[in-house]
Amino acid sequence: MKIRIATIAGAVLMAGMLHAQNNNPAPQLGKASIDEVISAMTLEEKAKLLVGDHEFDYYVNGTVKDEIPDIAGTSAAIPRLGIPVTYYTDGPAGVNIAPTRKGTDKTFYCTAFPVATMLASTWNPGLVHQVGEAIGNEALEYGCDVVLAPAINLHRNPLCGRNFEYYSEDPVLIGKTASAMISGIQSNGVGTSLKHFAANNQETFRRENDSRISQRALRELYLRGFEIAVRESHPWTIMSAYNLINGTACSESYKLLTTILRDEWGFNGFVMTDWVRLQIRDIATQIHAGNEMMMPGYPEQIDQVVAAVKEGRLAEADLDLAVKRMLEVIVRTPRFKGYKFSNDPDLAAHAEITRTAANEGIILLKNEGSTLPLSDKSTKIALFGCGSYDLFAGGLGSGEVNAAKIVNIDEGLRNYGFSLNKELESIYQGMKQEIGISPKYAALRAEDSDVAIVTIRRNAGEYVDRRAIKGDFYLDDVETYLLKNVSEAFHARGKKVIVILNTGGVIETASWKDLADAIVLPWQPGVEGGNTIADILTGKVNPSGKLTMTWPVEYMDIPSSKNFPYDFEGNSWKAGPVRDSFDPNKRNIGFTEYEEGIWVGYRYFSTYKIPVSFPFGYGLSYTTFSYSEPKVRLGKKGLWEASVKVTNTGSVSGKEVVELYVTAPESKMEKPVRELKAFGKTGELAPGESQTVTLTFTTDDLASFDEARNCWVTDAGTYEVHFAASSDDLRQSVPIKVRKSSVRTVLTKLD
Ligand code: BGC
């Protein structure tokens with residue numbers, strides 16, 4: 001290998017020398033036009049540019065591989081033409097690079113922001129934009145050019161290991177949140193990579209699995225969030241997903257990467273593959289499909305590109321187009337512009353942003369008898385659960401962030417002046433596994449404490465899906481024992497029990513929620529976690545987050561559960577496919593049938609009136625809000641303007657998320673009883689104060705996808721517009737009339 005590399009390097013050097021000898025210097029990117037640069041490139045140079053340069057030694061002009069240790073990837077430099085190396089860092093919760101480097105005491109910690117699901121739970125794109133600005137700034141100041149985020153695959157099933165990196169089960173919420181994140185990051189002059197395009201909804205055999213999906217579900221659910229984000233915020237790059245859709249690998253799909261992404265939606269950046277480790281895809285097909293950059297990149301791939309062109313399997317025009325798209329992005333990067341990064345972003349300022357964002361993403365699920373807030377600082381707290389002392393600030397895998405310090409819940413409460421039970425503190429110090437608390441011990445703490453807080457924690461991540469078993473989707477026996485004993489002991493003495501759910505994803509709650517007086521869901525809240533949770537528990541901040549997915553009663557209530565890894569046979573869960581070997585013909589391993597079609601999340605539960613534990617869009621506040629004066633009018637260009645007056649009818653100030661759902665008229669197509677079309681959030685309203693929230697949507701947004709005709713159709717007729725506090729809590733409704741039906745054609749099918 002080394003010999004071959006040296007040969008190429010030699011050839012490149014020779015080419016450079018020839019130019020110099022001819023007194024005809026090679027055109028330089030930025031000085032000459034991109035087309036001129038491309039025409040001066042050798043076939044090998046073009047090939048090299050399209051292959052990520054991270055997995056092997058950087059062989060032109062010395063070694064820069066370790067300039068940013070643990071960076072996810074880099075593009076190759078071609079110094080002869082003034083093309084610099086560019087740097088690609090994960091991820092959705094913040095910059096993911098090594099915190100220390102050889103030969104220096106300086107540290108390179110980054111801010112762990114709240115996980116994506118939590119950011120979406122704010123229902124506040126303005127705030128998500130601010131988080132994006134901060135993430136982009138850390139990328140910029142650490143010398144990175146593109147952030148491999150946001151990740152926006154749909155929460156099809158709660159057990160997908162990466163759901164914490166994703167936003168929601170609803171494509172409008174996904175699209176709007178992603179747009180805010182993209183414009184926030186890109187406002188720094190660094191790029192984003194919207195990922196994983198598309199329908200990458202399970203981790204099990206994620207590189208080989210074929211997602212088999214109807215055209216309607218694809219268009220209405222799995223592509224829709226990407227469509228909104230691409231049209232509204234123009235990400236610099238997109239990451240094609242590992243998986244296949246209906247038999248074609250995403251990275252090899254011309255229809256997906258060119259016809260839909262570019263021709264239909266107007267995307268004008270470049271596409272990179274996900275980090276394909278096996279050479280299971282054909283490079284010529286990928287480039288022709290519109291996949292410009294091969295990540296992480298292997299030297300063999302350079303040879304493959306060259307060979308494909310020489311053998312006529314890849315047109316040079318396709319190669320040139322790919323190079324052009326890469327260069328068009330490279331000229332926008334900080335590296336190309338020579339930005340002098342500081343390696344010193346303002347982590348303290350970003351911690352503050354984390355705290356503000358997490359404050360709005362925490363969801364109050366239950367609050368019987370005004371258990372919360374705990375406004376009296378002399379309240380003696382018995383703090384149970386490993387998560388209370390060792391918080392999961394983020395999820396696992398490429399979406400992790402190396403933060404210098406995480407504020408735990410005990411610390412956050414102490415910062416507010418609460419006294420915590422000392423014995424519990426010492427019991428839980430360093431404890432990694434949950435411990436059962438006996439009835440006798442719980443009684444002791446119920447005697448000497450005023451209130452119990454029990455933290456239940458979960459973590460998950462890339463590579464592995466979660467499981468519908470005890471200890472994951474369900475509480476395990478130790479957790480149940482702990483919760484039951486604490487609950488009985490405290491309730492017997494008229495004292496309250498608060499449960500904190502430190503999880504990146506949905507867990508079962510219906511069977512045990514009666515044991516708690518209050519349930520708070522802070523997700524995985526990032527570096528300021530403990531402080532943020534304490535802000536909510538004390539009432540300094542009034543919770544205003546709402547669920548971005550349905551919390552079902554049972555796992556098997558979820559329509560996709562029959563078609564998700566881990567086979568359900570009779571009444572028992574088999575060992576699971578992670579331990580199986582790959583078999584293209586095996587359900588949920590080789591392929592996954594999206595049999596439920598569009599019936600994902602609240603679309604299913606609301607339409608079929610299936611009881612849930614907590615509905616989509618749900619979240620409590622310490623105050624109450626009324627909705628009045630609903631109005632919907634048709635403005636210009638098919639833009640509907642909907643407004644409703646929200647009044648704080650309680651006794652403390654707070655913010656309210658207003659969700660706008662639409663019920664379509666009877667149609668030939670079966671449609672969900674209602675679908676989210678827009679949402680907004682009030683500012684902080686003082687008691688008695690009102691604000692009119694105005695939301696917009698287009699007639700086109702009312703369309704459903706007609707598979708038979710392969711187009712979007714908005715039926716004529718009367719639609720009901722609902723202003724709602726959750727998908728199950730409609731407060732005001734207004735009928736609107738669409739006079740003429742309309743059709744928006746699409747260019748292809750992914751079949
Ligand atoms: C993940 C991507 C990530 C990349 C680089 C892949 O395995 O799927 O989300 O950006 O690795 O770390």
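Is Gly387 buried or exposed, and what is its relative accessible area? In this predicted model, Gly387 is buried, and its relative accessible area is 0%. The residue sits in helix α15, which covers residues 386-389. Apart from residues within four places in sequence, Gly387 is in contact with Ile409, Thr455 and Arg457. Gly387 and Leu321 are 66 residues apart along the chain, and a distance of 51 Å separates their C-alpha atoms.

Confidence in the prediction is described next. The average pLDDT of the protein chain is 93, and 93% of the residues score at least 70. In residues 56-64 the pLDDT falls below 50, and this stretch makes 21 contacts in the model beyond near neighbours in sequence. Residues 569-573 also have a pLDDT below 50, with nine contacts in the model beyond near neighbours in sequence.

The largest pocket holds about 540 Å³ of space. It is lined by 27 residues, of which Val172, Lys176, Arg224, Ile228 and Asp701 are the closest to its centre. Four elements each contribute at least two residues to the lining of this pocket: the helices α6 (171-186) and α8 (224-233), and the strands β24 (675-681) and β25 (690-698). Sorted by class, the lining comprises twelve nonpolar, twelve charged and three polar residues.

Helix α8, one of the elements that line the largest pocket, is largely enclosed by the rest of the structure, because eight of its ten residues are buried. The buried residues are Arg224, Gly225, Phe226, Glu227, Ile228, Ala229, Val230 and Ser233. Not counting residues up to four places away in sequence, Glu227 touches Trp265, Trp712 and Arg744. Just after the helix, His234 adopts a positive phi of about 50°.

An α-helix has 3.6 residues a turn, so residues three or four places apart point the same way.

Tyr622 is placed in a loop, between β20 (612-614) and β21 (625-634). With a relative accessible area of 14%, Tyr622 is buried, because the limit for that class is under 20%. Leaving aside neighbours within four places in sequence, Tyr622 is in contact with Leu364, Asn367, Leu372, Pro373, Ile536, Leu537, Gly539, Val541, Asn542, Pro543 and Val652. For Pro543, one of these contacts, the separation from Tyr622 is 79 residues in sequence and 7.1 Å in space, C-alpha to C-alpha.

Several backbone features were also recorded. Ala149 and Pro150 are joined by a cis peptide bond with an omega of about 0°. Another cis peptide bond joins Lys195 and His196, with omega at about -10°. His196 lies in strand β4, which runs over residues 191-197.

For Lys609, phi is near 50°, and the residue lies in the loop between α21 (602-607) and β20. Lys609 has a relative accessibility of 70% and so counts as exposed, for which the cut-off is over 50%. For Glu629, phi is likewise near 50°, but this residue is found in strand β21. Glu629 is partly exposed, with a relative accessible area of 45%.

Definitions and conventions
Residues numbered from 1 in each chain as written. Predicted model: local features only at pLDDT ≥ 70, side-chain atom pairs only at ≥ 80, totals over all residues. Heavy atoms only, no water. 1 Å grid on protein atoms, 1.4 Å probe; cavity = no way out; pocket = protein on both sides within 12 Å on 5 of 7 lines; lining within 4 Å. Points joined across faces, edges and corners; volume = space filled by probe spheres on them. Nonpolar A, V, L, I, M, F, W, Y, C, P; charged D, E, K, R; others polar. pLDDT = per-residue confidence, 0-100. Contact = heavy atoms within 4.5 Å. Buried < 20%, exposed > 50% of the residue type's maximum accessible area, 1.4 Å probe, protein only.
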